[in-house]
Amino acid sequence: MQLRGVALEEGKDSVPLVRPYQSRVLPLRVLQFCLLFLFLGLGFSLVSIYMVRYFGIQTVVSASQATFQPCYDVPSTLESWIKPPSNLLHAMNDTELFWRASFLPRIKNYPFRRTPKIAFMFLTKGPLPFAPLWERFFKGHEELYSIYVHSLPSYNADFPSSSVFYKREIPSQVAEWGMMSMCDAERRLLANALLDFSNEWFVLLSESCIPLHNFSIVYRYISRSRYSFMGSFDEPGPYGRGRYNGNMEPEVKLSQWRKGAQWFEVNRKLAVNIVEDVTYYPKFKEFCRPACYVDEHYFPTMLTIQSPHLLANRTLTWVDWSRGGAHPATFGKADITEEFFKKIFEGETCIYNNQPSSVCFLFARKFAPNALDSLLGIASKIFGF
Ligand SMILES: *[C@@H]1O[C@H](CO)[C@@H](O)[C@H](O)[C@H]1NC(C)=O
Ligand SMILES: *[C@@H]1O[C@H](CO)[C@@H](O)[C@H](O)[C@H]1NC(C)=O
Ligand SMILES: *[C@@H]1O[C@H](CO)[C@@H](O)[C@H](O)[C@H]1NC(C)=O
């Protein structure tokens with residue numbers, strides 16, 4: 001008891017008063033104190049071993065170990081912060097995921113060699129009929145892309161382990177065309193892709209999309225663009241401004257209302273803006289319901305208000321609306337000819353980095369599954385892969 005008393009007093013202000021007397025006794029006391037500790041420690045270990053052996057309280061021991069485990073799991077190297085999640089099927093819900101995905105470094109220069117990648121995000125109902133075409137497109141560029149697939153929760157993909165789509169599915173929820181659940185799915189794709197720091201550009205695609213050029217051209221076109229390719233225009237008439245609801249003021253004014261095709265390409269900054277948004281989301285959720293199709297208005301309007309100078313205001317995905325109606329034309333086996341694609345390529349003129357360009361579209365839709373073989377047949381000649 002005496003020992004402990006001294007040890008405690010060591011730390012107190014009154015201690016210097018008793019120093020002269022203590023200084024000679026102290027080394028012995030320290031030794032005694034250490035020995036006592038040693039014996040206590042040994043005693044404790046023996047008792048625990050005994051308890052574990054004879055009373056089977058391993059569960060208590062392991063439970064307490066589990067409680068302390070995070071102490072040893074704290075990332076100690078930069079590597080552990082920047083490596084992408086090894087399993088895409090995490091257990092976070094959207095609130096948790098979006099929060100996690102909105103982490104943004106404020107220092108612009110990366111203190112490691114970072115090869116910026118394009119995240120290809122496939123928003124699908126079920127199977128990916130053009131997977132063989134995409135496999136060929138991606139081949140040999142493993143450093144420069146990552147893939148994410150959001151399909152209906154009821155669908156179980158069975159890609160072979162050799163496929164680029166193997167284990168690239170993210171936790172999904174039902175998404176309905178024209179409803180907020182569709183935008184939720186797109187935000188979910190963005191959020192999952194944001195978890196990988198090397199993803200710099202984010203492309204949204206559907207199962208009926210195909211690539212129109214080889215990977216080198218697509219990568220160069222997107223990575224060298226000063227703008228993100230979000231279709232965004234002000235359309236007078238019932239299908240544009242006609243869908244605006246005055247209750248969206250003051251967040252969204254009629255003059256700010258935009259329309260654009262759902263299939264976009266955005267950079268990392270805009271991707272974070274979309275995932276973190278809590279200002280426009282409730283307005284669109286409440287006041288843009290069919291016949292206002294929210295997936296055609298939410299992102300174009302929001303980004304036009306926040307970052308108009310970052311938008312090319314056009315999409316990279318070619319589609320044919322010329323037949324009219326609510327859905328664009330779908331092309332099947334019989335349509336796939338060299339002339340068909342020549343017509344698409346030759347009809348193009350657009351602005352790229354403020355200059356006229358003859359390459360305007362990198363992807364095209366919609367194609368029916370039976371077009372696959374014909375597409376594979378002409379791909380090397382027409383698309384260059
Ligand atoms: C996610 O989980 C948190 C914590 O349990 C909860 O507060 C939040 O409402 C959940 N979000 C969703 C979208 O379910
Ligand atoms: C896109 O539109 C916005 C306004 O809606 C404009 O400020 C911006 O300059 C446009 N982008 C380009 C590349 O012209
Ligand atoms: C990609 O396509 C372009 C133009 O068609 C061609 O010049 C280039 O060699 C192709 N690149 C590869 C890696 O095949």
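This is a predicted model: local features need pLDDT of at least 70, side-chain atom pairs count only at pLDDT 80 or more; totals for chains, interfaces and linings use all residues.

Colleague: How many helices and strands does the chain have?

Modeller: There are 14 helices and 9 strands.

Colleague: What makes helix α8 lie across strands, and at what angle does it run to β2?

Modeller: Contact comes in here: two residues are in contact if their C-beta atoms, placed from the backbone, lie within 7 Å. For angles, axes are lines fitted to C-alpha atoms, for helices over the stretch in contact, and the values run from 0 to 180 degrees between N-to-C directions. Helix α8 (residues 180–194) lies across β1, β2 and β3 (199–206), and its angle to β2 is about 145 degrees. Helix α10 (residues 268–276) packs on the sheet too, touching β3 and β5, with about 100 degrees between its direction and that of β5.

Colleague: How do you know which strands pair in that sheet?

Modeller: Two strands pair if DSSP finds at least two bridges between them. Strand β1 (residues 117–123) and β2 have 6 bridges, in the parallel sense, so by that rule they pair. In general, strands of a sheet pair through backbone hydrogen bonds, either parallel or antiparallel.

Colleague: What is the strand order, and which strands are at the edges?

Modeller: The 4 strands form an open sheet in the order β2-β1-β3-β5, with mixed pairing. β2 (145–150) and β5 (265–267) are the edge strands, each pairing on one side only. From one strand to the next, the twist averages 20 degrees.

Colleague: Why are β4 and β6 called edge strands?

Modeller: They belong to an open sheet of 3 strands with mixed pairing, ordered β4-β9-β6. β4 (210–211) and β6 (317–318) each have a single partner strand, so one side of each has no neighbour in the sheet. β4 and strand β9 (residues 363–364) run antiparallel, joined by 2 bridges. Proline 211 stands opposite phenylalanine 363 in β9.

Colleague: Is glutamate 348 buried or exposed?

Modeller: A residue is buried if 20 or more other C-beta atoms lie within 10 Å of its own, exposed if 12 or fewer, and partly exposed in between, with C-beta atoms placed from the backbone. Glutamate 348 has 12, so it counts as exposed. Glutamate 348 sits in the loop between α13 (338–346) and β7 (350–352). Leaving aside neighbours within four places in sequence, glutamate 348 is in contact with Ser358, Val359, Cys360 and Phe361. Across the whole chain of 385 residues, 27% are buried.

Colleague: What makes the shell around ligand 1 split into classes, and how does it divide?

Modeller: A residue is near a molecule or strand if its C-beta atom, placed from the backbone, lies within 6 Å of it. Ligand 1 is surrounded by Asn93, Asp94, Thr95 and Glu96. Ala, Val, Leu, Ile, Met, Phe, Trp, Tyr, Cys and Pro count as nonpolar, Asp, Glu, Lys and Arg as charged, and the others, Gly among them, as polar. That gives no nonpolar, 2 polar and 2 charged residues around ligand 1.

Notes. Residues are numbered from 1 along each chain as its sequence is written. Chains are lettered from A and ligands numbered from 1 in the order in which they are written.
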